[in-house]
Amino acid sequence: MELKELFSEQRIYGGGSAVLVAIYAPVGLFLFFIRIFIGLHVFLISSLLPKFSVFRRVVLRVMYGILGLAVTSKGNGNRDNDVNIIVANHISIFDHVALNLILPCAVPNVWNFPKFLCWMLGYQDMGASQGRQSLVNNVKQYKDKHPVLAFPEGAMTNGKVGLLKFSTWPFSVEDAVQPICISASRPMLSASLCYISSSLWMDMLWFLFVPCTLFHIKILPVMKKQESQTAEEFAQQVQETIAKELSVEATKFTSQDKSEYLKRKRIDTNLVTTSSSATTEAVITTPPTPPPSPTQKEPPKFDFRKSWSEKELNEEIEIMVRQVKGVLFDTDESVIRKDLEQTNSVDATITNIVEGKTTQDATEEPATESDIKTDVKVSASSLKFADSQFGKTSKDRQKSLEERKLALLASAKRHFEASEDKPE
C-alpha cells in the first residue's frame with residue numbers, strides 16, 4: 001500500500017459528480033446561508049446548556065440534523081463508564097462533534113481556536129502545545145471528571161483504505177481504553193469529507209453546503225493492556241482492532257509521513273509552475289522570425305535581450321534568480337546570476353549548478369578535502385535533468401518533465417542530507 005492511497009486527492013471525483021454538484025449548487029448555496037443563521041443559534045445553545053447534560057445532547061442532535069449532520073450509533077451496550085479514555089479513528093473535523101451527540105467527552109485542543117469557541121466545540125486546553133509529558137499529566141487529572149477523546153492517528157485520512165500508526169500518548173494515561181469506529185457517508189452528493197490539501201474552514205463550508213453528512217459510530221468493547229505489553233504494543237493492538245472492524249489496513253505510516261508527503265506535493269507543484277511559466281515567458285518574449293528562402297542564407301538568431309533596456313534586463317534576471325534560489329537555496333546568488341546571464345534559462349541554470357558546471361567566485365574559500373568527498377557522494381551529474389532534444393509530441397515532453405522533476409528532487413534531497421551530515 002502507498003501512502004497516497006490513505007488520502008483523497010480532490011473533493012469531487014468524476015465528471016458525473018461535478019455535473020451533479022453544478023446542478024445542485026443553487027440549492028446548496030441557499031442551504032448554506034440558512035444554516036449559517038441556524039448555526040449561530042446552535043452555538044448560543046451550546047454555551048447556555050450544561051455541557052454534559054442529556055437535555056443538551058437531545059437538543060443539539062435535533063439542531064445538528066437541521067444543519068445536515070446526522071448520527072447513528074451501534075454497540076452502545078459496550079460502553080463502560082469506568083473507562084474515561086476514548087480512542088477513535090479520524091476522518092473529518094466534525095468527528096468529535098458527532099461523537100459528542102452520542103457520548104459527551106472532551107478533546108485536547110490542538111487547533112488555534114479562540115477559547116470561547118473551543119469550549120463550545122468540546123476542546124480543552126490540556127497543555128498539548130507544551131509537550132507530550134505535560135499533555136499526559138493534564139489528561140490524567142481531567143479524566144477523573146469527564147471522558148477524554150483522543151485521535152491517536154494525529155491526522156485525518158479518507159477512512160476507506162487504512163489507518164495511520166497510532167501515537168502512544170493516549171495509551172500511557174490508563175491501562176484500559178474504549179475503542180470507537182467512526183465512518184461517514186454523503187448519500188445524496190458524493191463529495192470527500194476532506195482531501196490532502198484542504199483547509200479546516202473549507203471543510204466546514206462544505207459541511208454546510210452538502211445536503212447531508214451521515215456519521216456512523218460503533219462502540220467496541222473495552223480493551224485492557226497486559227502487564228507484559230508496552231504502550232507501543234498496546235497502541236498497535238488497538239489500531240489493528242479498529243482497522244479490522246472498519247475492514248481497512250493498519251499501516252505503519254505516521255502523521256509525520258503525511259506532512260512530508262504534502263510538502264513533496266507542494267514542491268512538485270511549484271516546480272511545474274516554475275517550469276511552465278519560464279517556458280511560456282520565453283515563447284511570448286521571443287519574436288517570431290520568418291523562415292529563410294531557399295536562395296538566402298539563414299539570418300543570425302535574434303537575441304531578444306539586446307532589445308531590452310538595462311533596467312528591464314536586470315529585472316528579468318532577478319526574477320529568474322529568485323526562481324532558481326527557491327529550488328537551490330544554498331547556492332550563492334552571484335553564481336546563479338552569472339550563469340543566468342549566459343543561459344537565460346531557469347532550467348539550464350539549475351542543471352548547471354547541480355552538475356557542478358558553474359564557475360565559482362574567486363573570493364570563495366577553497367573547498368576542504370572533506371567537503372570534496374561529501375560533494376562527490378551527493379553529486380547528481382549522473383542524473384538526467386534535460387533531454388538532448390525537444391520532445392516532438394506533448395506526451396514525450398510531459399515524460400521528460402516528470403523525469404527531470406524526479407531527478408531534481410532526488411538531487412536536492414541528497415544535498416540536504418549531505419549538509420546535515422557535515423560537522424559544524
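Biologist: What does the secondary structure of the protein chain come to?
Modeller: 13 helices and 10 strands. These are DSSP runs, numbered from the N terminus: H or I of at least four residues for helices, E of at least two for strands. This is a predicted model, where local features need pLDDT of at least 70, side-chain atom pairs count only at pLDDT 80 or more, and totals for chains, interfaces and linings use all residues. Residues are numbered from 1 along each chain as its sequence is written, and side-chain values use heavy atoms, with hydrogens and water left out.

Biologist: How do helix 10 and helix 11 pack, and at what angle?
Modeller: Helix 10 covers residues 333–343 and helix 11 covers residues 346–354. Their angle is about 130°, with the axes 9 Å apart. The axes are lines fitted to C-alpha atoms over the stretch in contact, and angles run from 0 to 180 degrees between N-to-C directions. The two helices are therefore oblique to each other.

Biologist: Which residues meet there?
Modeller: From helix 10, Ile336, Asp339, Leu340 and Thr343. From helix 11, Val346, Ala348, Thr349, Asn352 and Ile353. Contact means heavy atoms within 4.5 Å.

Biologist: Switching topic. Which residues of helix 11 are buried?
Modeller: Val346, Thr349, Ile350, Thr351, Asn352, Ile353 and Val354. Buried means under 20% relative accessible area, with a 1.4 Å probe and protein chains only. That is seven of the nine residues, so helix 11 is largely enclosed by the rest of the structure.

Biologist: And what follows helix 11?
Modeller: Gly356, with a positive phi near 75°.

Biologist: How much of the protein chain counts as buried?
Modeller: 40% of its 424 residues.

Terms used. Buried < 20%, exposed > 50% of the residue type's maximum accessible area, 1.4 Å probe, protein only. Parallel < 35°, antiparallel > 145°, perpendicular 65-115°, else oblique.
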